[in-house]
Amino acid sequence: MTKVRMGMVGGGEGAFIGAIHRNAAALDGVIELVCGAFSSDAESSQRTGDTLHLPAHRVYDNYQTMMEAESALPESERMQFVAIVTPNHMHSPVALAALHAGFHVLSEKPATLNLAEVLQLRDVVADTGLLYGVTHTYTGYPLVKEAKTRVAAGELGAIRKVVVEYPQGWLAAPTDQSNKQAQWRLDPTRAGVSSCMGDIGVHAANLAEYVTGLMISEVCADLTAFVEGRELDDDGSVLLRFSGGARGVLLASQISVGEENGLRIRVYGESGALEWAQQEPNSLWLKWPDRPDQLLRAGNDYLGELASLNSRTPAGHPEGYIEAFANIYSAFIGQILARQEGRPPDARAADCPGIQEAVRGMTFIELVVAAGSSDTKWHPFPVH
């Protein structure tokens, strides 16, 4: 099979997420990185391209040149989609340039710097008819998909309560000016209106909606910048109301000392509950009022179709973050291949976060920031 050709914008020297994307894209052997504009600094971009063994003429000084040059290549050679792994402020301009040049887009989250940009992006996606995906990575874990399947099948009964938390501790102290990852996340011109909620709170909100199938309908928020001198939040607590009447709590923090990447979700229904934690991703707990707790493990034959389609190894062989990321890539590539072959995407490909999740994510970020500075208790979640 001919590999699907990928370009990349961002992800050069000193970047964390670019290498994660490249490793995830390469995992299944169906994607080939063929070009990139890896940095706003032309020399740095070329050095990254050299490290990745790309031909010099396919390593570009900027994304504008890249779109123009790639679209001029024969269809059998040019990239087919672009992965955007820049800081937030560049997500929209790169995505729009790619779509207008005829390329599908897979972007880091949040999709844009602000809500106005994501609504414009949605219009362009609709106008061009091209594919757009956003990397809400944690929905790629097999047992998150199993949790979604179990809730949808009604095994927990009607959902009453959702508790989702995402504590980190890496920004608990004033940040070193050399810490590139911290600096842009705390800069409103590059991160947008939020640091904590924009970087990790949005993942928690997306996970809650994905697993339960319920949409957040109202929020009540308290956001704080604990470290002196910060313009953006580094901690937040949000009360949630969901469609259908369920209630929820969302906690996100970048200043929780000693925490690593503690994303966890608990869902309580009328007749059962479940719990999943990102730092123990191959286990899903089901809890019942009349029998012992039940432990489901990744890779076993008793899992449903969606979890099985997103598993790569037998039970007892742990799958983690790279594999979950790769599942997002595989789903997106499945959509590209289905379109090329003139068929509907299969179940795995159809389960890919797209422009709807992008819009809801940006809406959530701006809503909780506004709610956090308001004396009004409850704020309706706008439907755009």
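Two strands are taken to pair if DSSP finds at least two bridges between them. Helices (H or I, at least four residues) and strands (E, at least two) are DSSP runs, numbered from the N terminus. The model is a predicted one, in which local features need pLDDT of at least 70 and side-chain atom pairs count only at pLDDT 80 or more, while totals for chains, interfaces and linings use all residues. Residues are numbered from 1 along each chain as its sequence is written, and side-chain values use heavy atoms, with hydrogens and water left out.

Strands S11 and S12 form a hairpin, with five residues between them. S11 covers residues 273–277 and S12 covers residues 283–287; the two run antiparallel and are joined by four bridges. Within this pairing, Trp 276 has Leu 284 of S12 as its bridge partner. S12 also forms a hairpin with S13, here with six residues between the strands. S13 (residues 294–297) runs antiparallel to S12, and four bridges join them. Leu 284 has Leu 296 as its bridge partner in S13.

Among the helices, H6 (residues 142–152) packs with H9 (residues 196–212) at an angle of about 45°, and their axes are 7 Å apart. H6 is therefore oblique to H9. Axes are lines fitted to C-alpha atoms, for helices over the stretch in contact, and angles run from 0 to 180 degrees between N-to-C directions. Angles under 35 degrees count as roughly parallel, over 145 as roughly antiparallel, 65 to 115 as roughly perpendicular and the rest as oblique. Contact means heavy atoms within 4.5 Å. On the H6 side, the residues that meet H9 are Val 144, Lys 145, Ala 147, Lys 148 and Val 151; on the H9 side, they are Leu 207, Tyr 210, Val 211 and Thr 212. By class, this contact has six nonpolar, one polar and two charged residues. Ala, Val, Leu, Ile, Met, Phe, Trp, Tyr, Cys and Pro count as nonpolar, Asp, Glu, Lys and Arg as charged, and the others, Gly among them, as polar.

Val 193 is located in the loop between helix H8 (188–191) and H9. With 39% relative accessibility, Val 193 counts as partly exposed; buried means under 20% relative accessible area, exposed over 50%, and partly exposed in between (1.4 Å probe, protein chains only). Leaving aside neighbours within four places in sequence, Val 193 is in contact with Leu 232, Asp 233, Ile 365, Glu 366 and Val 369. Val 193 and Glu 231 are 38 residues apart in sequence, and their C-alpha atoms are 9.0 Å apart in space.

Two further loops have backbone features of note. The peptide bond from Lys 109 to Pro 110 is cis, with omega near -15°. Pro 110 lies in the loop between strand S4 (104–107) and helix H5 (115–128). His 53, although not a glycine, has a positive phi of about 60°. This residue, His 53, is found in the loop between helix H2 (42–51) and helix H3 (63–72), and His 53 counts as exposed at 72% relative accessibility.

A search of the whole structure finds zero disulfides, a disulfide being a pair of cysteine sulfur atoms within 2.5 Å. Cys 35 is in no disulfide, and the nearest cysteine sulfur, that of Cys 352, is 20 Å away. For Cys 352, the closest cysteine sulfur is that of Cys 35, too far for a bond. Cys 35 is buried at 0% relative accessibility, and Cys 352 is buried with a relative accessible area of 12%.
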